[in-house]
Amino acid sequence: MNPLKPVAALRRRRRADRAHSLRSRLVLLAVAIALPLVLFAAFMVVRSYQTERARLEEHSRGLARAFTLAVERDLRSKVMAVETLATAIPLQTGGLAGFRLQAELFLARQPEGTAIVLFDRDGHRLLDTRLPPSVPLPDARDRTAVRQVFETGRPTVSDLFPSALDGQPRVSVDVPVTVAGRVDYALSMQVPLNSLDDLFDSQTLPEGWIAAIVDRNGMILARNLSSERYVGLEATPALRAAIRSASEGSVLVDSREGESVVAIFSSLPATGWTAVIGIPQDDLEAPLQRGLWITAGGGALLAGVAALLAAVIADRIAKPILSLRHAAFALARGKMPDRPPAGLREVDAVGRALGRAGTLLRAAAAARDRTERALRRSEALLHRAQTLARLGHWVWTPDPEMDPRGGRSEYSPAGAALFGLRSQDLVVSNKEYVDRFVHPEDREVVLRSMQAFLESDRRERVQTYRVLRADGAVRTISEVAEKVLRPDGTLDHVLGIVQDITERKHGEERLRESERRERARAGELAALLDAVPAIVFVAEDPECRVISGSRATYELLRLPPGSNLSKTAATDATAHFKVFANGAEILGPALPLQRAARGETVRGHEEEIRFADGDSRYLYGDAIPLRDETGAVTGAIGAFLDITERKRGEAQQRLLTAELSHRVKNTLAVVQAIAAQTLRHAPSPEAFGKAFMGRLRALAAAHGLLTQTQWQSAGLADVVWKALRPHAGVGGAVLAEGPEVELSPKQTLGLSMVLHELATNAAKYGALSVPTGRVEVRWRRDGPEGRLSLQWRETGGPTVQPPAAEGFGVQLIRRTVAYDLDGEVMIGYEPAGLVGELVFPLSHEAHLGRTAS
């Protein structure tokens, strides 16, 4: 007999004696149910108190703000009254006696004890209504408010200060008195502090609440309770510190009476004073204390009643439960339990369950036999499935040294068949497996992998390698191994699953080779597309969501290679250009590649690529669909030529033809007009021929200048020298200087005719007709509008007499300047020589910096 058995039985009996009864547990349950209810009630009391307190504090803040507004309105009315008094005429004219009379009339409407005091800029009292005029007046003592009035020129409300006459605390409203635009005086209305008590009448506060006004220095100016004791004293340090740190808030302080109050304060922005509402803390916490006492008493009563009811109910439940012991003993002896109903539903259910348990125990023995037979059939089916899937498993038990070559491996029949082993050779040493079956080229890698797996904390290992079957065939297997650990965490064995994947590896190799060939062909195609200068678009899907192109395509569209060229995809890469055909924009579905992707063949399509900077490129080409072996459309391809230069050449040719026609007509009109006017004023055919040819040569010279710039513009210096060069060596000197200016074709022709007339006149009658003569031509730009001023001055020539009537040359000059140059001309006949000035607007910006001379 085991001597320890009585001791163990005694311990079990002691534990059973210490077990709680059903009655005690139900009582604890009742108390546990009642306690959360009591705690929840207490929590709700606290939450209600917090909500009510927050509401009360917010209401108090509203009272403090209303009190602040009332104080501010009272002070503002006092400031306005004193400002009105400061405009009194006697005060403006220096008549203090008359002003004293007006001040006394003003004080008749103010609270008793209010005084009017007038200070000069040095702080001397000039008038005090509390003293007769003959009594000497004391100077201001530390009147900061008076100094601020003179420094700022604005009204000021002071803090509390002792009166210089009677030492009583007062506050004052000080305003500047301006005479002739200068602050000469400070007018002060000194108010006794008891006059502020009227402000409390407009505030309805609960009994025991405190209302007060505190100045910037923390001095009490007014108080609704015990004002005679505390007005003029400092507020408590805690309240002063809170007021200095914030303009509005609340703080728990001790009042002057020694009572704890929650002080709600709000500052007056204009004066810096602070209105304070004090709520006794007892008023705030009394509801919480009452609620908690009521909750605690009710909770204790509820818990006692619940415990008593639980004890009674427990006795009625325990008796039927104890009767279940007899049914349990019968079941243990192998008999069917027979117990009459106890009248308690749950206990009766347990009795019925015990009866069914006896029946089930008998059935379980028969089911166990059937399960064992089914398990043997399942193992046979698993072996068959593994054989068909070329799948097997093994168990490797390593040696204590954890050597990869040590231990032994036990294979399933299907696993052994993978290596060509016989069914009786299911157990082999791991050394034999490595040396006999692992391919020599993979042997070292497999050993290192097994060693690392054994030394690491990894639970699984997956590896693919080659093996040699017993018949010499080389196969590729995939192996998955998992560690199986003992309860103490040490390795017990390794379970593995092995599968022959030789055919799959061969298929993967064939697939990789096929992909390599496809990539090579794709690379050759990409190189071909990059080498061809054509614009090629390739849609890689029927919806044209992804479109690529050749190198020339990316360069033409100003995009980096590899960008998505689709105009129908959600991308911003192609937002910088639009596509037009026949002057109208083509949207996504109407683009040639999108049409081809829907199965349409597009031939001879011409379009314009218009960029955001205004530049355009023109394309011409075809687009066809791409189909798979079933004929379904898989994408599209388009090839286009850049015909931009051809289109521009055609446009330039049309423009040149129209321009040539226009200029020929204009030139014929100008020549016809010159011939008609010259013939009308020529005295003889010889004179007509000479003048007409000279003007034609000037016109031809201007045409030559414009031809050099394709009729875009001509330099002013070139036009001047072209007109004056034939006369530069005849006699006298020619000087031409000014900034570089570009002229339009019309201005070039008009100015050439004007300079020709001036040069011809100078050569015949003016400075160029004698060796000592000199012609100076200077020009400049005037003003921001770009007007050009050109001056012609002749010196050293024959004395000039004003003509009786203007000749044809002057008339031609005036008409040309007015109609062709849209400008004005002034011609003067000074004795020293002809002087002229032309002023006309420039149609092109002048280029300054280079001087022609």
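**View 1. Val214 stands opposite Thr274 in strand E11.** The model is predicted: local features need pLDDT of at least 70, side-chain atom pairs count only at pLDDT 80 or more, and totals for chains, interfaces and linings use all residues. Residues are numbered from 1 along each chain as its sequence is written, and side-chain values use heavy atoms, with hydrogens and water left out. Strand E7 (residues 210-214) and strand E11 (residues 274-280) run antiparallel and are joined by 5 bridges. Two strands pair if DSSP finds at least two bridges between them. Strands (E, at least two residues) and helices (H or I, at least four) are DSSP runs, numbered from the N terminus.

**View 2. An open sheet holds 5 strands in the order E8-E7-E11-E10-E9.** Pairing is antiparallel. Strand E8 (220-223) and strand E9 (248-254) are the edges, each pairing on one side only. From one strand to the next, the twist averages 25 degrees (axes are lines fitted to C-alpha atoms; angles run from 0 to 180 degrees between N-to-C directions).

**View 3. Ser752 is buried in helix H20 (residues 745-764).** Its relative accessible area is 6% (buried means under 20%, exposed over 50%, partly exposed in between; 1.4 Å probe, protein chains only). The Ser752 side chain reaches the backbone oxygen of Thr748 at 2.7 Å.

**View 4. Leu302 lies in helix H8 (residues 281-322).** Leu302 counts as partly exposed because its relative accessibility is 40%.

How values were computed. Polar contact = N/O pair within 3.5 Å; in protein donor to acceptor, adjacent residues only side chain to side chain.
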